[in-house]
Amino acid sequence: MPVVRRVWAGIGQAIESAAIAAIGLVVVALVLLAVWGVDQGFEGDPLLQWRVAVDAWMLGHGVDVGVTLATDAVVAVGIEEASRSFVLGIGAWGIGLVTLWLHWRAGRRLAELPAVDAGIATAAGAIATGLVGLAAGASAQHATAAPDLGQAFALPALVALAGMAGAVLARRGHEWVVASGRALTVDEPWVRAARAALRAGLASTIGVLGVGALLLGAGLLLRFTDAILLLESLEPTGLGVVVLFLVQLALAPTAVVWASSWAIGPGFELGTGSSVSPLGTELGPVPSLPLLAAIDPSAQPWMLAVVALPVLAGVAAGVLARQTVLAGTRERPAHWWELAAAAAGGALVAGMLLGVLAALSAGAIGPGRLADAGPDAVLVAAWGALEVGVGLAVGLFAGARVGGPIAVGEALPLATEGSATSVRGVLGLGGAGRGRGTGDDPDPDDLDDEDSRPDAGDEHDGEERGRRTEGAEPAADDPDAQVTEAVEPVVVERAADARQTEAVGPVEPAAGERATDRGEVEAADDERDEPRPSDGGRAADTADDGLAADTAADREPGGDRAPR
């Protein structure tokens with residue numbers, strides 16, 4: 001039964017999602033357990049290690065952790081503001097990406113289920129993940145550090161939901177977009193443009209993040225000496241180096257988003273009043289983390305050139321979309337307004353995604369002025385949409401000419417618009433936008449108009465048929481008006497196509513009728529006693545007589561016929 005199947009699908013996914021969240025917690029706890037055993041010989045409070053593991057898992061899913069340091073810890077930190085309670089909100093998204101990836105794999109299996117079953121299972125999995133996070137956050141409540149319980153339920157659930165829903169949409173999103181377009185009676189070119197916008201926006205976002213990862217790696221490589229000096233200043237043990245590496249690995253996705261924001265232009269801040277962007281860098285005291293050595297304390301003039309990298313990422317995404325989704329066919333070529341709509345929509349999608357990522361990567365990294373760290377989501381979204389939009393427009397309109405090893409498909413030329421450049425045609429309202437040469441199906445009204453206009457050959461044939469019919473139709477009320485006119489001879493191209501008829505005897509004129517030399521028959525005034533032949537038979541006989549008469553006329557010397 002469908003109800004039972006849906007219930008079991010929800011229960012199964014809830015168990016799997018809860019297991020994924022629990023395994024993530026256990027892995028983090030095992031790492032801290034190993035550190036505790038090697039460094040302290042398992043001396044001290046084991047619950048402390050569990051609370052630290054839960055706090056790390058919470059930070060990995062974007063949950064804020066409230067911190068209140070003891071007196072000796074405040075002295076060790078050396079910051080006066082550390083004596084007051086503060087919030088640690090920087091996202092260690094390396095941990096959250098593991099949860100996202102595992103739920104993505106689960107979502108690929110859910111995509112094979114019916115839509116309702118997949119929706120129920122996805123919701124059940126997200127709720128189960130949130131419940132595990134809530135239980136873990138409640139177990140880690142302490143006067144020193146306490147995760148926010150509301151966020152402990154909501155944010156891990158959203159991570160799981162994003163993974164499963166993203167996988168389902170990636171597998172079945174095309175079908176749903178097409179079905180939605182049909183349900184809303186949207187023209188096929190607009191559906192195609194929407195698909196291209198979604199794909200181009202997502203591809204552009206991935207390209208901009210790739211640019212950020214390259215810049216981060218290049219910065220660490222160029223400033224490798226400064227990173228080593230920061231590491232030595234911490235004086236870690238061998239185990240401490242491993243732990244520090246894992247911490248920076250968890251922070252790497254956040255650093256990539258920061259580097260992407262720097263490439264877009266707005267940059268990011270590392271404390272209240274600071275700024276790191278291609279236009280200039282103003283830094284105050286920063287944490288001694290080797291990962292931050294990639295920041296160049298002085299801005300160079302050549303750094304302004306990095307703003308072109310997101311534009312190039314948009315160009316590459318535009319070429320990809322032009323040669324795949326908007327390649328067009330010979331029956332339905334792409335239109336210029338499809339490319340424009342795809343560029344604008346893709347820029348909007350990319351700007352929204354980059355803004356969301358910037359918001360997720362921002363947060364407090366410590367007390368006092370360190371409460372403000374990360375990029376401005378609004379600025380990143382606005383500038384990202386502008387730069388990506390320019391790149392998408394260039395890539396889409398020039399993508400048909402790109403060849404060589406980077407070509408992924410064959411893009412046909414744009415449609416010859418004609419009247420489709422009108423507002424009514426561009427908006428897909430039919431009529432003016434569906435003229436000839438656009439590649440769309442012609443308007444039925446236009447077909448009716450064309451069918452109603454006979455060409456010259458049709459008019460000629462119609463005149464001949466009219467003359468033959470006119471001579472064959474007798475007048476029922478007035479026998480004197482029953483006059484048959486001669487019919488034009490039918491031109492026979494081949495003898496084999498000539499109509500074969502059986503020989504018949506001569507038709508004797510009826511009483512009161514006389515035949516003229518040209519085969520014309522006039523009806524007598526008196527009523528005839530024998531039955532009158534049918535109209536169809538009279539028309540056929542009259543047509544045959546007229547044909548014979550014209551044929552005889554053609555055989556006369558000179559071959560000229562008198563005009564009618």
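Me: In this predicted model, with which side chain does the side chain of glutamine 13 make a polar contact?

Reply: The side chain of glutamine 13 makes a polar contact, at 3.0 Å, with the side chain of arginine 109. Glutamine 13 itself lies in helix 1, which covers residues 2–40.

Me: Is glutamine 13 buried or exposed, and how do I decide?

Reply: A residue counts as buried when its relative accessible area is under 20%. Glutamine 13 has a relative accessible area of 1%, and it is therefore buried. Leaving aside residues up to four places away in sequence, glutamine 13 touches His103, Ala106, Arg109, Leu110, Ala121, Gly125 and Met164.

Me: How much of the protein counts as buried?

Reply: Of its 564 residues, 35% count as buried. The protein has 16 helices and nine strands.

Me: How should I describe the way helix 2 and helix 5 are placed, and why are they called oblique to each other?

Reply: Look at the angle between the axes: values from 65 to 115 degrees count as roughly perpendicular and those over 145 as roughly antiparallel. The axes of helix 2 (residues 46–59) and helix 5 (residues 115–139) cross at roughly 135° and come within 9 Å of each other. The two helices are therefore oblique to each other, and helix 2 passes helix 5 in a left-handed crossing.

Me: Which residues meet where helix 2 and helix 5 are in contact?

Reply: From helix 2, Trp50, Arg51, Val54, Trp57 and Met58 meet Gly133, Ala136, Gly137 and Ser139 of helix 5.

Conventions. Residues are numbered from 1 along each chain as its sequence is written. This is a predicted model: local features need pLDDT of at least 70, side-chain atom pairs count only at pLDDT 80 or more; totals for chains, interfaces and linings use all residues. Side-chain values use heavy atoms; hydrogens and water are left out. Axes are lines fitted to C-alpha atoms, for helices over the stretch in contact, and angles run from 0 to 180 degrees between N-to-C directions. Helices (H or I, at least four residues) and strands (E, at least two) are DSSP runs, numbered from the N terminus. Angles under 35 degrees count as roughly parallel, over 145 as roughly antiparallel, 65 to 115 as roughly perpendicular and the rest as oblique. A crossing is left-handed if the near helix is turned anticlockwise from the far one by less than a right angle, and right-handed if clockwise. Contact means heavy atoms within 4.5 Å. Buried means under 20% relative accessible area, exposed over 50%, partly exposed in between (1.4 Å probe, protein chains only). A polar contact is a pair of N or O atoms within 3.5 Å; within protein, one must be able to donate a hydrogen and the other to accept it, and residues adjacent in sequence count only if both atoms are side-chain atoms.
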